Amino acid sequence: MTAGDNKTNSPPQALAMSGKGLSLLGLAIGLMTGLAAYGIVEYWIDGRDDNAAAFTVLFFIVTMAASYLLLSEAGALFKAVAGALLIALIFALPDFFIVSALSGDATNLSPFPGLFWIMTRGLAAYLLTVLVKAAIEGGIPFGYTRVFFHGVTMPLIIAGAILFAGLALVLLFTWARLLKDLDVSFFNALFQKPWFLLPFIGAVSGLSIAVMRSQQAALGALRFVVLLLARILMLITAVFTVTLLTVFAINGVDVVFERPYPGATMIALAIAGMLIFNGVYQNGDGPPPPLWLRIPTLITLIGFPVYALLAFHAFSLRIDAYGLTPPRIAGTAVTGLVAAYSIVCIAGLLTELNWRAKRWMPMVGPLNIVMAALWIAVLIAIATPFANPWAISARSQYALLAGERIAVSDFDFAYLRFSLGDHGERTLDRLEALETHPEIVEIRKSIAHVRSVKSAWAYRNPALLNGETPLAPDDQEIDGPQSLPLNPDGVDVAPDDREPETL
């Protein structure tokens with residue numbers, strides 16, 4: 001173990017994040033949050049088509065309650081109120097924007113931005129809570145030691161709380177089922193009532209967070225296991241990096257682009273390497289690790305910019321050929337964040353020029369704080385009107401066709417109408433108003449056609465809509481759309497239908 005290890009696994013009292021004395025508070029806050037959730041669901045959301053404000057308030061309350069229980073300390077309970085309120089307010093705008101866009105009659109909008117926000121909201125909230133916690137404890141500016149400690153500890157607390165709350169629900173319904181088998185059905189019916197279930201889940205969740213925070217011995221053991229696992233994985237990652245870079249040197253990088261979703265694959269490799277590296281680097285307070293770990297870490301850092309560059313190139317090829325869509329915007333944003341982390345890797349490699357330095361890669365810690373703030377800003381921005389993914393996609397699709405970068409026969413007009421909402425409709429108007437485009441007649445015919453149908457499927461399968469039966473590649477007749485191949489001959493398939501919308 002290095003000096004940094006000892007400091008991380010046996011933190012000073014200031015970093016202990018103790019939950020002692022918070023159990024009753026966690027129970028009370030969780031119960032009130034559950035009651036508030038029941039009231040909003042029962043009396044505000046239920047039966048209404050436009051409930052963006054209701055969902056936003058619900059998310060606000062849950063976010064504030066959870067962040068407060070993670071930020072508060074016994075003896076300083078009011079100090080965390082401002083931090084929790086700030087976190088909840090920051091997330092209110094993207095929550096309202098996404099829910100407003102997708103609520104009600106949103107069948108003509110791609111749901112991907114909402115799905116991406118659901119997947120990344122927790123990550124952004126976690127990073128922001130870590131930074132706020134470090135600021136509350138140490139003031140601004142704060143050191144990386146606090147950020148790393150809370151960055152490792154909070155996921156363990158949250159995972160433990162989810163486990164405890166899940167077990168409580170399992171036991172509750174198991175007990176109710178047992179009583180029902182004994183002809184006592186009252187509790188089984190009671191436990192399925194929203195007015196009981198939501199407050200119960202809230203109370204158990206709040207209590208679980210407080211209880212997990214008080215288990216310092218268990219959390220310390222879990223931190224030790226996680227950091228030890230990072231060291232083991234670093235050796236495997238270094239071997240994988242050497243192998244992959246050797247393959248690239250011998251066969252070129254075309255092997256990457258011959259596989260499906262090369263951008264997503266490279267991003268996954270880069271993010272995995274980033275997490276493993278930080279597990280080895282730890283809080284940055286100690287000297288370099290042993291040589292057997294130091295060399296594999298440097299090898300992994302060398303491979304990181306390669307992965308980021310290949311991911312960026314993969315997305316660039318798709319965007320250049322087919323324009324931006326919400327999934328490609330999200331993929332480009334994540335790729336940019338991964339590429340930005342290459343600066344951290346290069347800075348770490350440069351500091352290794354001073355091989356005998358007392359501290360290992362001293363620039364990595366402060367840059368990690370900057371990167372965390374950048375991730376928060378970007379993930380939140382693409383879920384707000386300032387970087388509206390539907391509007392950006394519509395402008396990109398317009399530039400693709402108006403700039404004559406794609407033939408009209410290959411352009412997906414249905415995507416504009418049935419996936420980009422009002423932004424797509426306005427783009428169709430702009431395309432229809434073009435005067436100098438060499439294929440303007442075909443453009444206007446396609447726009448008239450797409451506006452005459454009721455679904456993207458009907459636009460892309462005119463033969464089936466007219467009662468004709470298209471032929472499969474082997475010239476065998478098809479009974480109907482259920483047995484239709486993905487790309488049958490004679491059926492015009494738009495570029496974005498050749499593969500699903502994914503990163």
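Q: What share of the contacts in the chain with a separation of 6 or more comes from residues 24 or more positions apart?
A: A contact means heavy atoms within 4.5 Å. Here, residues 24 or more positions apart account for 75% of the contacts with a separation of 6 or more. Keep in mind that this is a predicted model, where local features need pLDDT of at least 70, side-chain atom pairs count only at pLDDT 80 or more, and totals for chains, interfaces and linings use all residues. Residues are numbered from 1 along each chain as its sequence is written, and side-chain values use heavy atoms, with hydrogens and water left out.

Q: How many helices and strands does the chain have?
A: Helices (H or I, at least four residues) and strands (E, at least two) are DSSP runs, numbered from the N terminus. This chain has 20 helices and 0 strands.

Q: What percentage of the residues count as buried?
A: Buried means under 20% relative accessible area, exposed over 50%, and partly exposed in between (1.4 Å probe, protein chains only). Of the 503 residues in the chain, 48% count as buried. Take Arg-417, which sits in helix α16 (residues 413–419).

Q: Is Arg-417 buried or exposed?
A: Arg-417 counts as buried, at 19% relative accessibility. Leaving out residues up to four places away in sequence, Arg-417 touches several others, among them Asn-108, Glu-425, Leu-428 and Arg-451.

Q: How many salt bridges are there in the whole structure?
A: A salt bridge is a side-chain nitrogen of Lys or Arg within 4 Å of a carboxyl oxygen of Asp or Glu. A search of the whole structure turns up 12 of them. In one, Asp-429 pairs with Arg-451, and their closest N and O atoms are 2.6 Å apart. Asp-429 lies in helix α17 (residues 421–432) and Arg-451 in helix α18 (residues 440–452), so this pair ties together parts that are 22 residues apart in sequence. Asp-429 is partly exposed at 41%, and Arg-451 is partly exposed too, at 29%.

Q: Which residues are linked in a network of salt bridges?
A: Glu-73, Lys-133, Glu-137, Arg-146 and Arg-213 are linked that way. Within it, the closest N and O atoms of Arg-146 and Glu-137 are 3.1 Å apart. Arg-146 is partly exposed, with a relative accessible area of 22%, and Glu-137 is partly exposed at 23%.

Q: How do you find a pocket?
A: Rolling a probe the size of a water molecule over the atoms shows where empty space is left. On a 1 Å grid over the protein atoms alone, a pocket is an open set of points where a 1.4 Å probe fits, with protein on both sides within 12 Å along at least five of seven lines; lining residues have an atom within 4 Å of a point. Grid points are joined across faces, edges and corners, and the volume is the space filled by probe spheres set on the points. The largest pocket here has a volume of about 1,000 Å³. It is lined by 36 residues, with Val-62, Thr-63, Ala-66, Arg-121 and Ile-209 nearest its centre.

Q: Which helix gives the largest share of the lining of the largest pocket?
A: That's α3, with 9 residues. For residue types, Ala, Val, Leu, Ile, Met, Phe, Trp, Tyr, Cys and Pro count as nonpolar, Asp, Glu, Lys and Arg as charged, and the others, Gly among them, as polar. The lining of the largest pocket divides into 24 nonpolar, 10 polar and 2 charged residues.
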